[in-house]
Amino acid sequence: MSDSVLEVKGLDVTYSTNRGDVKAVRGLDLDVRRGEILGIAGESGSGKSTLAVALLRLLKPPGKVTGGSVTFYPGGRSPIDLLKVDGEELRVLRWSALSYLPQGSMSSLNPVMRVRDQFKDVILEHAPGRRGEVDTMIPRLLGEVGLEPRVASMYPHELSGGMKQRVLMAIAVALEPDLMIADEPTTALDVTIQRVILQSLGDLRRDFGVTLMVISHDMGVHAQLADRVAVMYEGRLVEVGDVRQVFKDPRDPYTRQLIESIPRVGRRAS
Amino acid sequence: MKSELELRGVQQRFHARGVEGGYITAVDDVSFTLAAEPPQVVSLVGQSGSGKSTIARNVLGLQKPTEGSVLYGGKDIFKLSRAEYDEYRRDVQPVFQDPYAIFNPFYRVDRVLWKAVKKFGLTSSRSKGLELIEESLRAVRLEPENVLGRYPHQLSGGQRQRIMLARVHMLRPSFIIADEPVSMLDAQVRKHFLDILLDFQREHGMTTLFITHDLSTVYYLGGEVMVITKGTIVERGPVSTVMHEPSHPYTQLLLDSIPQPDPDNRWSTRINVDAVEELDDSTPADAPKPEAPIL
């Protein structure tokens with residue numbers, strides 16, 4: 001059996017609306033292996049983001065997990081049932097074992113705090129024991145995402161969109177989490193900045209061994225970054241496999257359509 | 001009346017504190033011509049801070065360039081007579097990025113359309129006006145009964161953006177200046193919007209200046225493309241040529257940065273982060289030019 005970080009079994013997520021219930025995630029089974037980059041693909045409305053927030057326990061009403069189980073295996077600790085954990089135990093898990101890079105993370109930084117203080121906020125709150133290291137950690141983490149140490153004393157409004165995104169990535173790996181879930185990390189960025197972000201995500205895995213779950217509607221992102229790809233359609237997982245297999249020999253007709261519908265822009269990189 | 005829109009040596013400087021010289025140059029010596037005949041789609045592509053929206057503001061007469069001129073039918077748009085200016089304002093129509101900001105949240109969306117009817121005297125009676133509005137809504141594939149009488153917050157972003165297109169359809173301008181009109185729409189709705197623009201070109205002979213940072217929409221629209229960086233147009237030509245055989249290093253960088261959907265064709269080199277950051281929106285357009293990024 002391969003070493004899993006996360007085991008999802010039969011997950012159902014339902015949104016209650018006044019026109020009845022809508023199942024956004026239906027009977028989803030998924031294993032996330034330690035150290036891998038797993039891409040979650042699918043079109044708008046396929047349930048990708050709902051899956052992410054459900055796993056992170058950030059689902060808000062009218063959304064509700066209506067079935068299944070999610071087991072999280074943090075390194076060196078006993079398995080945790082993510083759907084049952086609550087209160088203080090959940091708070092401790094966040095950032096230190098399980099971190100999140102939300103969609104539209106441009107607006108996730110506190111506008112009136114310097115970057116340095118936002119790092120301290122997370123580190124001291126979730127790992128008070130590391131107080132002494134904070135000042136050496138920050139420049140190292142910024143360097144990891146290609147930012148200079150002076151960025152630490154800047155305010156978010158002094159940073160470009162791509163820089164803000166990278167600051168958040170650095171904060172997300174600060175406490176060496178077991179799993180980081182990135183929701184559409186490149187959407188709304190210029191194409192050259194997108195490439196920088198993808199490069200940095202690859203670096204984080206290489207240097208920190210963090211397991212990454214990358215949600216994106218852009219198949220190009222998965223082809224460039226992922227080890228395995230899971231394809232969602234109408235709340236179901238239609239295919240999971242090695243990135244090469246999924247792109248070269250898709251098993252499911254929907255995956256095939258998805259790949260065939262990608263516009264091939266420009267010349268092929270050699 | 002069929003005319004031409006021309007930018008001749010347009011330069012736009014903005015005052016800025018803490019910058020050498022006290023100003024930044026957002027647009028530098030930009031010249032191009034948009035012809036109404038034959039109708040065409042011309043894309044202007046560049047990343048944040050490249051000056052593309054400033055050009056849109058110049059063309060629309062919202063910002064007077066510090067140097068050079070914007071000509072409509074051969075005349076400087078900032079020196080038109082009242083009647084000529086009215087004609088220009090009708091013949092050159094904007095579509096902006098944010099489908100939320102355009103509407104006053106206190107009024108029903110009908111108001112935007114009725115204003116156009118009244119301001120430009122499109123019809124003589126209310127019933128004919130309503131007929132015209134309904135016809136234009138159908139032309140952008142909206143059902144009048146689903147949108148009329150509603151408030152902006154009751155419509156989706158895609159519907160709101162199409163209402164702006166319906167307004168354009170009513171006025172039948174020669175030129176549409178569309179500044180990032182699809183960047184806030186998701187993929188399916190985006191395609192819808194682009195198809196309507198192409199319809200307008202084919203069926204109503206409208207020429208569009210399409211401003212975007214997204215190369216795949218440029219590719220979808222076809223026609224001509226101009227690539228802008230740091231306020232200067234560095235490459236122009238038919239989309240098929242520019243996208244397949246880019247001649248300027250900046251165009252090459254843009255194209256090479258598109259993630260190719262082929263796991264056997266991954267980037268084998270690293271992108272130079274500093275060089276890209278130099279191009280980013282935090283940098284004034286007239287900052288020292290960096291070396292071309294190493295790829």
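1. Basis of the note. The model is predicted, and local features are given at pLDDT of at least 70, side-chain atom pairs only at pLDDT 80 or more, while totals for chains, interfaces and linings use all residues. Residues are numbered from 1 along each chain as its sequence is written, and chains are lettered from A and ligands numbered from 1 in the order in which they are written.

2. The sheet of chain A. In chain A, 6 strands make up an open sheet with mixed pairing, in the order β6-β7-β8-β3-β9-β10. Strands here are DSSP runs of E with at least two residues, helices are runs of H or I with at least four, and both are numbered from the N terminus. Two strands count as paired if DSSP finds at least two bridges between them. At the edges stand β6 (98-101) and β10 (236-242) of chain A, each of which pairs on one side only. On average, neighbouring strands of this sheet are turned by 15° against each other, direction ignored; axes are lines fitted to C-alpha atoms, for helices over the stretch in contact, and angles run from 0 to 180 degrees between N-to-C directions.

3. A strand pair and a covering helix in chain A. Strands β7 (residues 179-183) and β8 (residues 211-215) of chain A run parallel and are joined by 5 bridges. Within β8(A), Ile215(A) stands opposite Asp183(A). Helix α1 (residues 48-55) of chain A lies across β3 (37-41), β7, β8 and β9 (228-233) of chain A, at about 145° to β7(A).

4. A helix pair in chain A. The axes of α3 (residues 115-126) and α4 (residues 134-144) of chain A come within 10 Å and cross at roughly 120°. This crossing of α3(A) and α4(A) is right-handed, a term for a near helix turned clockwise from the far one by less than a right angle, left-handed being the anticlockwise case. From α3(A), Arg116(A), Phe119(A), Lys120(A) and Ile123(A) meet Val134(A), Met137(A) and Ile138(A) of α4(A); contact requires that the C-beta atoms, placed from the backbone, lie within 7 Å. The residues of this contact comprise 5 nonpolar, no polar and 2 charged. In this division Ala, Val, Leu, Ile, Met, Phe, Trp, Tyr, Cys and Pro count as nonpolar, Asp, Glu, Lys and Arg as charged, and the others, Gly among them, as polar.

5. The nonpolar cores. The largest nonpolar core has 77 residues, and Ile40(A), Val167(A), Ala170(A), Val173(A), Met180(A), Met213(A) and Val214(A) touch the most other members. Such a core is a set of buried Ala, Val, Leu, Ile, Met, Phe, Trp, Tyr and Cys residues joined through C-beta atoms within 7 Å. A residue is buried if 20 or more other C-beta atoms lie within 10 Å of its own, exposed if 12 or fewer, and partly exposed in between, with C-beta atoms placed from the backbone. Helix α5 (residues 161-173) of chain A gives the most to this core, with 8 residues. Apart from this core lies another, of 69 residues, including Val27(B), Ala56(B), Leu137(B) and Val225(B).

6. The contact between the chains. On chain B, 34 residues are in contact with 32 residues of chain A. The elements of chain B that give two or more residues to this side are α7 (187-204), α8 (215-221), α9 (239-244), α10 (249-256) and α11 (273-279). The residues of chain B that touch chain A divide into 17 nonpolar, 10 polar and 7 charged.

7. The sheet of chain B. Chain B has an open sheet of 6 strands in the order β6-β7-β8-β3-β9-β10, with mixed pairing. Its edge strands are β6 (92-95) and β10 (232-238) of chain B. Strand β9 (residues 224-229) of chain B runs antiparallel to β10(B), with 6 bridges between them; Ile228(B) has Ile233(B) as its bridge partner in β10(B).

8. Most residues other than glycine have a negative phi, and most peptide bonds are trans. The peptide bond from Pro61(A) to Pro62(A) is cis, with omega near 10°, and so is the bond from Glu37(B) to Pro38(B), with omega near -5°. Arg172(B) has a positive phi of about 45° and counts as partly exposed, with 15 C-beta neighbours inside 10 Å. Lys230(B), whose phi is near 55°, lies in the loop between β9 and β10 of chain B and is buried, with 23 other C-beta atoms within 10 Å.

Technical notes: Two residues are in contact if their C-beta atoms, placed from the backbone, lie within 7 Å.
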